[in-house]
Amino acid sequence: MIGISIATEWEYGASLEYFGIKDHERFGYPYGEYFKRTIEGAELVFYQTGARKVNGVGGNQYMMSKFNLTKVIVAGTCAGIDDQFSNLDIFVPDKAVQYDCTVKEIEPLIKQSFIVDIDLSKYGNDFYTGTIGTADKAVVMWKDYLELIENNITIADTEAGSIAYICKKNDVECIIIKGISDFPTDESNADPVESNLEQINVYLENTPKVMNKIFGEYLTRFI
Ligand SMILES: Nc1ncnc2c1ncn2[C@@H]1O[C@H](CCC(=O)c2cccc(C(=O)O)c2)[C@@H](O)[C@H]1O
């Protein structure tokens, strides 16, 4: 069984819509709910973990034990960091890092022990790749965005790096498929609360578009 890990209610809601899931096909578990589908002969379990690292890790560890998962695919949205890219571009990162695990004032932002390399060699190379940076807070403030650019992060989210980390501990393959839903904007000449609201609205508008693109154009290549 392959696990498809989905963070937020909006990403999971878009998944229910995409696969036309009926109420009786939805099951609860401590972190949210799940449904199953067989696609091209592969048995998949799609589950919502909730947002941020604790939920992502807890939900995935639970599902690994319950279904004896052989692979986890983290599917969802992310912030764009590298400005060569645009909203709705999809990435399959070859590196996942947690960037909120060090005292950044006196240590490097990212330490080797929090980096997970992802071997994508058997999946070809006709997709965007790069480094996904994960921390417990969303990338909203301009100074946080600049710090990630400085550290060569391509995209950022709030779960994937920690899920890749615990998959490695469990010797379970982890593939991350993430689409850009929003870019932070410079709030210095605007009302920061307004600017934040705008970013959330962009995230909400783009979330179903990203999920449809991942399921329609990317998922089957990685199962
Ligand atoms: N900018 C982002 N930074 C980090 N992760 C992002 C971003 N965008 C999307 N994700 C991904 O989507 C989900 C939720 C998105 C989210 O929390 C969010 C999005 C936009 C603004 C705000 C805000 O507070 O203003 C919060 C998370 O699970 C995460 O994996």
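Modeller: Gladly; helices (H or I, at least four residues) and strands (E, at least two) are DSSP runs numbered from the N terminus. The model is predicted, so local features need pLDDT of at least 70 and side-chain atom pairs count only at pLDDT 80 or more, while totals for chains, interfaces and linings use all residues. Residues are numbered from 1 along each chain as its sequence is written, and side-chain values use heavy atoms, without hydrogens or water.

Let's start with the pocket. The largest one is lined by 23 residues, and Arg52, Ala138, Thr158, Asp182 and Tyr203 lie nearest its centre. (A pocket is an open set of points where a 1.4 Å probe fits, on a 1 Å grid over the protein atoms alone, with protein on both sides within 12 Å along at least five of seven lines; lining residues have an atom within 4 Å of a point.) Two or more lining residues come from each of helix 1 (9-19), strand 5 (71-80), strand 10 (155-157), strand 11 (173-182) and helix 5 (192-218). Helix 5 contributes the most, four residues. By class, the lining of this pocket holds 11 nonpolar, six polar and six charged residues.

Now the ligand. For polar contacts (pairs of N or O atoms within 3.5 Å), a polar backbone atom of Thr158 is 3.2 Å from an oxygen atom of the ligand. An N or O atom in the side chain of Lys178 is 3.4 Å from a ligand oxygen, and a polar side-chain atom of Gln199 is 3.3 Å from a ligand nitrogen. Of the 550 Å² of accessible area that the ligand has on its own, the protein covers 91% (Shrake-Rupley method, 1.4 Å probe).

As for the backbone, most residues other than glycine have a negative phi. Leu88 is not a glycine, yet its phi is positive, about 80°. Leu88 sits in the loop between strand 5 and strand 6 (90-91). Strand 5 is also one of the elements that line the pocket. With 25% relative accessibility, Leu88 counts as partly exposed (buried is under 20%, exposed over 50%, partly exposed in between). Asn152 likewise has a positive phi, near 60°, and is found in the loop between helix 3 (142-150) and strand 10. Asn152 is exposed, at 63% relative accessible area.

Definitions and conventions:
Ala, Val, Leu, Ile, Met, Phe, Trp, Tyr, Cys and Pro count as nonpolar, Asp, Glu, Lys and Arg as charged, and the others, Gly among them, as polar. Buried means under 20% relative accessible area, exposed over 50%, partly exposed in between (1.4 Å probe, protein chains only). A polar contact is a pair of N or O atoms within 3.5 Å; within protein, one must be able to donate a hydrogen and the other to accept it, and residues adjacent in sequence count only if both atoms are side-chain atoms.
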